[in-house]
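Please look over the sequence and the model shown here before reading on. The briefing that follows takes up a few local features, grouped by topic.

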Amino acid sequence: MQGVLTGFAVIAVVIAVGYVLGLRGHLGPQGREVLTRLAFHVASPALLFTTLATADLSVVFSSRLLVTALSTVAVAGVFVAVGVVRRWGVGRTTIGALCSGYVNSGNLGIPIAVYVLGDASLVAPVLLFQLVLVTPVAVTILDLSGGGAKGPLWRRLLTPLRNPIALGSLAGVAVAATGLRVPAPVMDPLTLIGNMSVPAVLLAFGISLCGSTMPMRGADREPVLLAVALKAFGQPAAAWALASGVFGLRGAQLLDVVVTSALPAAQNLYTYASTYEVGERLARDAILVSTVVSVPVLVAVAAVLG
């Protein structure tokens, strides 16, 4: 339980700093955009590469990964189905689907894995699944549904190879799969640059809250409510049902997959929405509300299954 509170406290402090920066205008009128572009085009690709280049890819074949993948697909599928019926648009529906099933496995998942589950590596299956598969697929859809959809077919098919997030993820997996050792003069600068990613995302998110209206109002109220409900309650419920009923997980293993599935939507989703200029308010509100709601949910899961 201490890990839950510690993880949320760290995030809250950095977001609050971003809010103050935005309130006082220290970074100027383009501060949020600069931080967002820095995270998307430079820091996040470096972070994804350094994380995946040294990862143990054997976790890809674990039952925990299957639970994560299936629960993510289930809740994202529900949002997509509703989005198609309600005609929310491809880009907006993609952002909402991400907010429904893409968990904060990095800056929140790692401390919670350490303090609640006792092992930081337990969040690795979720992290790998999201970085290797979900992120490249999602940003490709966002590319093709926006300006990237124009041009010849061959150029559209090569969209994943032109996206910095996808490139960082795929390059890291390639290094890990081949067993190559990246020299320190190359890896150390990339690690230093990658360390800017999470703070930049959180600061940009905090700046975006300045002057904003209360969440879950206006045209985005319905998709935000749906995304938060799926993220905070639907995904952990699906993970519990799959883990216990299908894969027969019990005890600590069951706790692991349910806790990681109950994590709130990741802050970097706002970076994607802002970069592609689609569903920005949806992403911001869904991340904020799911983060608040997930606190009692995580405490309850830890108390019941722990």
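**Briefing on selected features**

Gly179 sits in the loop that joins helix H8 (164–178) to helix H9 (184–194), where helices are DSSP runs of H or I with at least four residues and strands are runs of E with at least two, numbered from the N terminus. This is a predicted model, in which local features need pLDDT of at least 70 and side-chain atom pairs count only at pLDDT 80 or more, while totals for chains, interfaces and linings use all residues. Residues are numbered from 1 along each chain as its sequence is written, and side-chain values use heavy atoms, with hydrogens and water left out.

- Gly179 counts as exposed because its relative accessibility is 60% (buried is under 20% relative accessible area, exposed over 50%, partly exposed in between, with a 1.4 Å probe and protein chains only).
- The C-alpha atoms of Gly179 and Thr54 are 8.9 Å apart, although 125 residues separate the two along the chain.

**Helix H11**
- Helix H11 (residues 221–246) has 26 residues and spans 35 Å from first to last C-alpha, close to the 38 Å expected at 1.5 Å a residue (1.5 Å times one less than the number of residues).
- After H11 comes Gly248, which has a positive phi near 65°.

**Ser290 in helix H14**
- Ser290, which belongs to helix H14 (residues 280–305), counts as buried because its relative accessibility is 1%.
- Leaving aside residues up to four places away in sequence, Ser290 touches Val228, Lys231, Pro264 and Ala265 (contact means heavy atoms within 4.5 Å).
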